[in-house]
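Hi everyone, thanks for having me. Please bring up the structure on your screens, and we'll walk through it together.

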Amino acid sequence: MLGTKHGIHNKGPMRKRTLLSQQLIRGGFVLLMVGMFLMGSFAIAAPSTLLITIGTFAPYYSPTFVHIGTGTPISWDNPTADLHSITHDGCKTGERCAFDSGPLGPNGTFTVQHLPPGSYSYHCSFHPIMRGVLVVVESGSSSET
Ligand SMILES: [Cu+2]
């Protein structure tokens, strides 16, 4: 009998405690979801390739100016019907040649990886009017303009 009474008396606080823990669990779940979402988007942003599209008209390299963190690969797509190249200016001036795609045909893609930090201006050897700039910084962040 005493046990049953105890049981009844405990029901009130027990239920409150259960509700509180349910709310805590729900709150924690929401935080977990937000955390997973943020981590997911960072995970996608860091290693994904930055794509530059070659065009027949200005801006010939789009985006023309790219500010990128080390470790992010950069790819150029050539959807035009012409041959183009992605040639670091250093290859022409006799300085260090950081990258040169050579002739890149229609639907061709050229990818550069593991560029050391620095500023790289580049051009198209077929159409010197086509110019672009890569700025590589020591970080995982990247942006484009
Ligand atoms: Cu070109």
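**The metal site and its surroundings**

Let's start with a pattern in the sequence: the donor residues of the copper ion are spaced H-x39-C-x2-H-x2-M. Keep in mind that this is a predicted model.

Which atoms coordinate the copper ion? They are ND1 of His84, SG of Cys124, ND1 of His127 and SD of Met130, at 2.0 to 2.5 Å. The angles among these four donor atoms run from 93 to 133°, and the site is tetrahedral.

His84 sits in the loop between β4 (74-78) and β5 (87-88), while His127 sits in the loop between β7 (118-123) and β8 (131-137). They are 43 residues apart, so this pair links distant parts of the chain.

Is His84 buried or exposed? His84 has a relative accessible area of 3%, so it counts as buried, the cut-off being under 20%. His127, at 29% relative accessibility, is partly exposed.

Next, find Ala58, in the loop between β1 (50-54) and β2 (61-62). Ala58 is exposed, with a relative accessible area of 61%.

Finally, the strands. How do β7 and β8 pair? They run in the antiparallel sense, over six bridges, and Ser121 has Val133 in β8 as its bridge partner. On the other hand, strand β3 (residues 65-69) pairs with β8 in the parallel sense, over five bridges. There, Gly69 stands opposite Val137 in β8.

How values were computed: Residues numbered from 1 in each chain as written. Predicted model: local features only at pLDDT ≥ 70, side-chain atom pairs only at ≥ 80, totals over all residues. Heavy atoms only, no water. Donors = N, O, S within 2.8 Å, 3.2 Å for Na, K, Ca; no water. Tetrahedral: all angles 85-135°; square planar, octahedral: opposite > 155°, others 65-115°. Helix = DSSP H or I, 4+ residues; strand = E, 2+ residues; numbered from the N terminus. Buried < 20%, exposed > 50% of the residue type's maximum accessible area, 1.4 Å probe, protein only. Pairing = 2+ DSSP bridges.
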